Amino acid sequence: ARARNLRQKNQAVFLDQFIPFHPDAKADKLECPDPVEYYTTLGNAFTQIEEELGLDVVIAAHPRALPGELDAYSQGRKIFYGVTAETVAESRLILTHYSRSANFAILARKPVYFLETQQIYNTQYWMPAYIDGYSKAIGIKPYFYDGDDKLYLGDAFEVDYAAYEAYEGRFIKKPGSPERPYWDIVLDFLE
């Protein structure tokens, strides 16, 4: 309820997934992109978004990122730690690779834009199906920004409300379920 009272800002928020540093990737011995190259390329995409859509791009840091840890890679953009839901609520556009934090945008009926590189898309054999399935489920498609590729932004603000509603009911919250925190529901069940 608190997020609904936040004022919308003229910004897009990128839901950072800590891809070059994520401890799970390191534990699974996955190849992580070079952080300077990754964030520089991402920054170029952000600049295009800022110039073409007239929005400031801000970054919602991944929960495992410590405050200040991404500052060297932000290219001067604001980074918010620990307030992803609020930052999504304040933003006009939500940018992601494939973060489940996009669920905040789906619940708030905000436009979600999947931006990808071939390196991210092909990290694991299952990644293309995951990204394509996730984006298709909410009625959008992923766009690539490798090298000199420019992002297609013509449909950046489109929302498929029927797809969002179906996704919410299937993956986030069952229709007709109580409007209460899940821990209260579990406690009631256990009592």
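The structure is a predicted model: local features need pLDDT of at least 70, side-chain atom pairs count only at pLDDT 80 or more, and totals for chains, interfaces and linings use all residues. Residues are numbered from 1 along each chain as its sequence is written, and side-chain values use heavy atoms, with hydrogens and water left out.

Along its principal axes, the C-alpha trace spans about 55 × 40 × 35 Å. The accessible surface comes to about 11000 Å². Carbon and sulfur atoms contribute 52% of that surface. Areas come from the Shrake-Rupley method with a 1.4 Å probe; for residues, only the protein chains shown count as cover. Of the 191 residues, 42% count as buried. Buried means under 20% relative accessible area, exposed over 50%, and partly exposed in between (1.4 Å probe, protein chains only). Contacts are defined by heavy atoms within 4.5 Å. Among contacts with a separation of 6 or more, 65% come from residues 24 or more positions apart.

The protein carries 20 positive and 28 negative side chains. The centres of the two sets lie 6 Å apart. Lys and Arg count as positive, Asp and Glu as negative; His and the chain ends are not counted. Each charge is placed at NZ of Lys, CZ of Arg, CG of Asp or CD of Glu.

The secondary structure comprises 8 helices and 6 strands. These are DSSP runs, numbered from the N terminus: helices are H or I with at least four residues, strands E with at least two. Their order along the sequence is β-α-α-β-β-α-β-α-β-α-α-β-α-α. An open sheet of 6 strands has the order β3-β2-β1-β4-β5-β6, with parallel pairing. Strands β3 and β6 (143-144) are the edges, each pairing on one side only. Two strands pair if DSSP finds at least two bridges between them.

Strand β2 (residues 56-60) is mostly covered, with 4 of its 5 residues buried. Strand β1 (residues 11-15) pairs with β2 in the parallel sense over 5 bridges. Within this pairing, Val 13 stands opposite Val 58. Phe 14 has Ile 59 of β2 as its bridge partner. Strand β2 also runs parallel to β3 (residues 79-80), joined by 2 bridges. There, Ala 60 is partnered by Phe 80 of β3.

Thr 87 lies in helix α3 (residues 84-90). This residue is buried, at 2% relative accessible area. Leaving aside residues up to four places away in sequence, Thr 87 touches Gln 11, Val 13, Val 58 and Phe 80.

Leu 153 sits in the loop between β6 and α7 (161-172). Despite the loop position, Leu 153 counts as buried, at 8% relative accessibility. Its contacts, again without residues up to four places away in sequence, are Gln 48, Ile 49, Glu 52, Leu 53 and Tyr 113. Leu 153 and Glu 52 are 101 residues apart in sequence. In space, their C-alpha atoms are 7.9 Å apart.
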